[in-house]
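Biologist: Can you walk me through this model? Let's keep it quick.

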Amino acid sequence: MFHIDCRRASLAAALGGVLLCSSAALAANPPSGTVSQSSPQATWTGGPLTPTGASTCGGPSSTSCDNYKLTIAPPSYAFKVEIALTFGAADDYDLEVYGPDGSLIASSGNSAGQAEKVVLANPAAGTYTVSASPFAPVGAYTGSAKISQLPPPPFPSTEKPPTYTNYTPPNGMGQSAGEPSIGCNRDTGKVMYIAGTETLRVTFDDCSSPASAKWENTSALWTSVTTFDPILYTDPKLGRTYVSQLLPSKMSLLAYSDDDGVNWLPSQGSGINSGVDHQTLGAGPFAPGPVKALASYPRILYYCSQDIAMAQCATSLDGGRTFGVAVPIYNLTQCAGIHGHVKVGPDGTAYVPNRSCGNEQGVAVTTDNGLTWTVKTVPGSSSSSWDPSVGIAADGTVYFGWLNGDGHPFVAVSHDHGDTWTNIQDVGAAFGLQNIAFPAVVAGDPDRAAFAFLGTTAAGAAGGQDSNFPAAWHLYIAHTYDGGASWVTVDATPNDPVQRGTICDQGTTCSTNRNLLDFMDVTADAQGRVLVGYADGCVGGCVNGGPASGTALATIARQTSGKGLYASFDPQMSIPAAPAVQATQSGVVVHLTWSTPDDHGTPLTGYHIYRRAAGGVFEQIMGVDAGTHTFDDNPPAGATYSYRVTAVNAMGEGPACREVTPAVAPPPTQTCSAPGAKVIDDPAGDTPVAALDVKSLSIAEPPTTDGSHKIVFTLKLANLSTFTPGNAWMILWNRPVPDATYDRNYVVMRATGLNTAAFKVGKLSPPSVNQATDLGNAAGSFSADGTITFTITTDQVDNVATGQDLSALEVRAFAAHVSGQPSSQATSADHTSSATYTLVGSSQCH
């Protein structure tokens with residue numbers, strides 16, 4: 001006797017089977033199969049199911065989903081198991097795979113009509129649950145599982161790994177930098193970076209190694225007001241920078257600059273009838289054909305965006321001032337709607353990568369200046385959740401980097417515009433990476449490219465919303481110097497994770513863990529140094545193992561040493577570069593610190609320390625070994641002194657950068673009494689109402705006699721001599737462990753009458769709702785000079801403890817606000833940038 005799904009009633013009756021017509025019976029007796037070395041494939045059918053509108057089953061026993069029990073018997077070789085659901089063009093099923101312990105280990109959620117596929121690499125023996133989630137189906141589906149041998153690992157690269165240094169802007173700048181993009185004007189060396197509505201310019205000074213960096217806000221007025229998606233592109237050939245901010249009406253605000261953001265000119269913004277989401281910009285030479293004759297600018301500019309049922313690209317022939325009609329580049333029967341960044345090759349061929357084209361990674365290609373497009377795929381790849389990326393070398397070689405269906409970072413190379421692909425390999429194997437996010441690729445010489453991504457060694461559903469998912473994500477960058485035959489991969493953030501927990505890949509449906517948003521970017525400067533623009537989601541206590549900070553701090557990883565993307569600039573063995581030196585003075589003692597500079601191919605042997613009195617000459621006062629990076633000097637009294645430090649290797653002594661004069665060390669920040677540590681400064685006059693004009697926020701943790709942990713917020717406004725009913729001043733920060741109900745805490749003072757107010761502590765729901773709900777009273781006071789104080793205890797706000805962070809800390813001032821109403825930045829009269837404050841407690845105050 002056998003059991004048959006109740007949806008196969010006629011077959012069951014004909015064969016005398018027992019019909020299981022209840023969902024409970026199906027859950028108790030799901031269909032099953034096995035894949036093994038001797039039996040490598042299993043297939044099954046299911047559906048139609050009642051649509052749920054949900055992309056997740058919530059567990060391996062959901063009665064709203066089909067649950068197939070797949071037993072995996074590992075073969076004697078390294079292997080993978082490809083699991084897929086296929087169905088009709090009108091159907092929308094999602095796929096989830098649960099491990100033997102019931103935990104979600106893989107998922108796929110493509111658009112309607114797009115097959116779902118996941119790949120498990122060397123899974124352990126056991127019985128897995130393959131769940132079909134009926135998001136919006138109308139028909140049945142076919143499921144399959146296939147076991148196959150993994151290719152041997154690539155031959156390891158013998159190249160010396162390059163090194164990277166990470167740079168962040170000064171406090172108050174670049175605090176909301178999710179999904180940044182980065183560009184470099186190779187004529188001036190200026191690096192452009194977009195962080196939300198901020199356009200930032202970074203100048204690197206290579207006098208020392210690593211270089212120093214100067215950050216400046218160069219935002220254009222009309223692209224710094226609002227955004228639904230930010231994007232920036234700098235044309236490496238001509239240096240023109242384009243900044244686009246998506247609007248909700250199939251349009252964008254766009255400005256361009258030829259002087260690195262000093263001056264901006266407005267644009268039409270986007271193509272006629274462009275898509276609604278995820279716009280991207282890219283420029284390059286014209287391809288052969290009649291279009292070039294119509295141009296008034298030497299380079300063609302593409303504006304591409306997805307439009308739910310398709311994706312479209314429009315072109316500008318006048319340098320971004322105007323755009324033509326958007327042309328479809330694929331539809332949902334070919335690829336998923338959302339796509340990666342457009343890139344243009346040296347022969348004018350343009351590429352738009354896509355994560356799911358017929359269940360494989362693909363790219364839409366045009367060779368006629370955007371008039372027609374063809375979809376090409378990478379054989380053997382599998383669809384996934386993050387956009388892939390292409391980098392195009394000087395001869396047109398295409399390097400394609402993607403998140404494979406098994407979570408691993410894969411790369412492939414094409415020499416014929418994507419018709420064929422070679423050197424397909426996993427570049428994360430050396431680190432044992434099991435999940436990655438945000439692929440970004442850049443290329444230089446024909447045989448050189450770099451592939452950047454965030455990665456973690458934690459296996460499982462890394463794209464979900466579980467804040468307790470045991471992942472520490474780092475920035476990895478893989479380099480090839482032999483055309484993709486081998487890659488050397490480095491951890492560019494070895495001591496400072498970029499994120500903890502998951503990186504939610506479910507778009508606007510994410511209620512938590514979407515602080516980094518959807519992508520990052522990579523570029524190169526004129527010397528071939530690689531620069532990665534990313535957002536840092538782990539600052540403060542998170543760095544040393546604390547909870548995720550939920551931040552999105554603008555960050556650039558810049559290559560410091562090693563071969564870059566252009567062989568003509570490869571470093572030669574020579575004396576070392578100059579270290580970066582800092583000097584502070586406390587009393588009579590001068591404290592020197594310095595960086596480890598580029599050794600230029602020969603290991604460092606030590607450092608020489610020099611001192612001179614004002615008007616005198618430098619004399620060496622000490623030599624230290626290569627592992628020492630600090631020195632305390634007690635110079636003779638009666639003079640002002642300057643210092644410099646040089647590095648030494650077997651080739652000789654390197655140069656010094658600028659001499660440094662000690663700065664008097666500032667007194668340690670005290671938090672034992674209010675106002676305490678200043679954590680936010682906000683520009684004066686950015687709102688015309690003085691009572692709503694935020695100037696600063698400080699935090700103190702004074703000692704108590706009852707054992708409680710007290711936090712005092714001191715908010716400074718321009719003036720509070722008068723305010724009106726409805727005015728409100730809110731200080732917000734992320735919960736230590738957010739959930740789908742609410743992810744932020746706040747304190748608020750609301751004006752209840754003319755110059756009377758009430759003080760509350762509360763919680764804020766996720767950004768998609770942004771409603772404030774008061775939880776209780778807070779102690780507080782205000783004065784006419786614009787000072788507001790709030791005093792709470794940590795048991796009022798999730799028992800946040802010493803060592804934990806008040807992250808994404810910000811202030812919002814409202815002209816009118818009540819509890820339970822939206823409290824977003826968009827509804828505020830003034831709002832600050834965000835900051836992080838790590839609780840220190842008050843034990844040092846006694």
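**Disulfides, a sheet and one threonine**

Modeller: C57 counts as buried because its relative accessibility is 10%. Buried means under 20% relative accessible area, exposed means over 50%, and partly exposed lies in between, using a 1.4 Å probe and protein chains only. This is a predicted model, where local features need pLDDT of at least 70, side-chain atom pairs count only at pLDDT 80 or more, and totals for chains, interfaces and linings use all residues. Residues are numbered from 1 along each chain as its sequence is written, and side-chain values use heavy atoms, with hydrogens and water left out.

Biologist: OK. What does C57 form a disulfide with?

Modeller: C57 is joined to C65, S to S 2.2 Å. A disulfide here is a pair of cysteine sulfur atoms within 2.5 Å. C65 is buried too, at 8% relative accessibility.

Biologist: Is that disulfide left-handed or right-handed?

Modeller: Left-handed, because the torsion about the S-S bond is about -110°.

Biologist: How many disulfides does the structure hold?

Modeller: Seven. One of them joins C304 to C313, S to S 2.0 Å. That link is right-handed, with 110° about the S-S bond. C304 is buried at 0% relative accessible area, and C313 is buried at 2%.

Biologist: And C538 and C542, how far apart are their sulfur atoms?

Modeller: They are 2.0 Å apart and form a disulfide. The link is left-handed, with -110° about the S-S bond. Both cysteines are buried.

Biologist: New topic. What order do the strands take in the open sheet of four?

Modeller: The order is 4-11-6-9, with antiparallel pairing. Strands are DSSP runs (E, at least two residues), numbered from the N terminus. Two strands pair if DSSP finds at least two bridges between them.

Biologist: Which strands stand at the edges?

Modeller: Strand 4 (41-46) and strand 9 (116-121). Each has a single partner strand, so one side of each has no neighbour in the sheet.

Biologist: How many bridges join strand 6 to strand 11?

Modeller: Nine, between residues 79-87 and residues 141-149. K80 stands opposite S148 in strand 11.

Biologist: Last one. Where is T714?

Modeller: T714 is in strand 51, residues 710-717. T714 counts as buried, at 11% relative accessibility. Leaving aside neighbours within four places in sequence, its contacts (heavy atoms within 4.5 Å) include A674, L697 and I788.
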